[in-house]
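Here is a short briefing on one chain. Look over the sequence and the fold before reading on.

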Amino acid sequence: PDCSPFGFKLNLEGTKIVWFDGEQPKDIVVGSINHIKELARCGDSAVDVLDYLDMYPMNEIMPDGAGFDVNNIQTVAFARRKEMWTIFREEIIPKRQHSVMIVDGLANFCDIMNWQEVELVMNQFMTVANRYNMLVFVLSHLTRDGEKLFGSGGTRLSQLASSGVKMGIYGQFFRMGSDKLRYG
């Protein structure tokens with residue numbers, strides 16, 4: 001059956017998705033993807049998500065000698081970003097098997113309140129997209145009113161992104177809609 005639970009169809013053409021998650025462990029992400037497939041009644045149930053997904057949980061990455069502390073969020077984000085780029089350089093680039101990169105969420109990899117840092121990180125993602133011909137999804141949270149991306153960095157992300165999708169919770173369900181689509 002035709003399947004597009006997010007409003008578009010993604011043809012990986014035999015390539016894979018690389019997912020860097022700063023919030024959830026691997027089993028939660030894989031379980032969520034399987035649940036989406038089940039709810040949307042799409043995909044071959046015999047196909048294992050891990051056949052097309054390389055997922056790297058970054059939620060346990062901390063700076064050397066540091067535990068989680070509200071005062072060192074910037075240091076944690078830097079350590080996660082450094083580890084993400086090390087994995088990308090050492091594992092993803094040499095394989096040349098990936099056409100999609102998902103980064104969940106931006107605030108886990110940079111200081112979302114720092115406009116310049118967000119721009120630096122977004123420029124790195126744009127370089128990856130262009131140099132390696134990859135579609136890059138960067139997830140970020142909305143403000144409480146659901147009207148804009150969180151932080152001054154969220155504003156910059158919105159300006160730099162080619163497209164955007166808003167996802168909101170309505171009762172027990174999530175609903176997605178297009179927020180911005182620069183290229184139609």
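Which residues of the largest nonpolar core touch the most other members? They are Phe20, Met84, Phe88, Met101, Leu106 and Phe125, out of 23 residues in that core. A nonpolar core here is a set of buried Ala, Val, Leu, Ile, Met, Phe, Trp, Tyr and Cys residues joined through side-chain atoms within 4.5 Å.

This is a predicted model: local features need pLDDT of at least 70, side-chain atom pairs count only at pLDDT 80 or more, and totals for chains, interfaces and linings use all residues. Residues are numbered from 1 along each chain as its sequence is written, and side-chain values use heavy atoms, with hydrogens and water left out.

**Sheet**

- Four strands form an open sheet with parallel pairing, in the order β2-β1-β3-β4. Helices (H or I, at least four residues) and strands (E, at least two) are DSSP runs, numbered from the N terminus. Two strands pair if DSSP finds at least two bridges between them.
- β2 and β4 (135-139) are the edge strands, and each pairs on one side only.
- Neighbouring strands of the sheet are turned by 10 degrees against each other on average, with direction ignored. Axes are lines fitted to C-alpha atoms, for helices over the stretch in contact, and angles run from 0 to 180 degrees between N-to-C directions.
- Five bridges join β1 and β2 in the parallel sense. Phenylalanine 20 has tyrosine 56 as its bridge partner in β2. For tryptophan 19, the partner in β2 is methionine 55.
- β1 and β3 run parallel and are joined by six bridges. Valine 18 has methionine 101 as its bridge partner in β3.
- β3 and β4 pair over five bridges, also in the parallel sense. Valine 103 has valine 138 as its bridge partner in β4.

**Strand β1**

- Six of the six residues of β1 are buried. Buried means under 20% relative accessible area, exposed over 50%, and partly exposed in between (1.4 Å probe, protein chains only).
- Lys16, Val18 and Phe20 point one way from β1, while Ile17, Trp19 and Asp21 point the other way.

**Helix α3 and its unit**

- β3, α3 and β4 make a right-handed β-α-β unit. A crossover is right-handed if, with the strands pointing away from the viewer, the path from the first strand over the helix to the second runs clockwise.
- α3 lies across β3 (98-104) and β4, and runs at about 155 degrees to β4.

- In soluble globular proteins, nonpolar side chains tend to be buried together.
- β1, α2, β3, α3 and α4 (151-160) each supply at least two residues of the 23-residue core.
- Leaving aside neighbours within four places in sequence, phenylalanine 125 is in contact with Met84, Trp85, Met101, Val103, Leu106, Val136 and Val138. Contact means heavy atoms within 4.5 Å.
- Another core, of 11 residues, lies apart from the largest one. Its members include Leu12, Trp19, Ile33 and Val49.

**Salt bridges**

- How many salt bridges does the structure hold? There are two. A salt bridge is a side-chain nitrogen of Lys or Arg within 4 Å of a carboxyl oxygen of Asp or Glu.
- Aspartate 54 forms a salt bridge with lysine 16, with the closest N and O atoms 3.3 Å apart. Aspartate 54 lies in β2 (residues 53-57) and lysine 16 in β1 (residues 16-21), so the pair ties together parts that are 38 residues apart in sequence.
- Aspartate 54 counts as buried at 14% relative accessibility. Lysine 16 is buried at 17%.
- Glutamate 117 and arginine 81 meet in a salt bridge at 3.0 Å, N to O.

**Partly exposed sites**

- Phenylalanine 137 is in strand β4. It is partly exposed, at 28% relative accessible area. Phenylalanine 137 and valine 103 are 34 residues apart in sequence and 6.2 Å apart in space, C-alpha to C-alpha.
- Proline 25 sits in the loop between β1 and α1 (26-40). It counts as partly exposed, at 32% relative accessibility.
- Leaving aside neighbours within four places in sequence, proline 25 is in contact with Met55, Pro57 and Asn59. Proline 25 and methionine 55 are 30 residues apart in sequence, and 9.1 Å apart in space, C-alpha to C-alpha.
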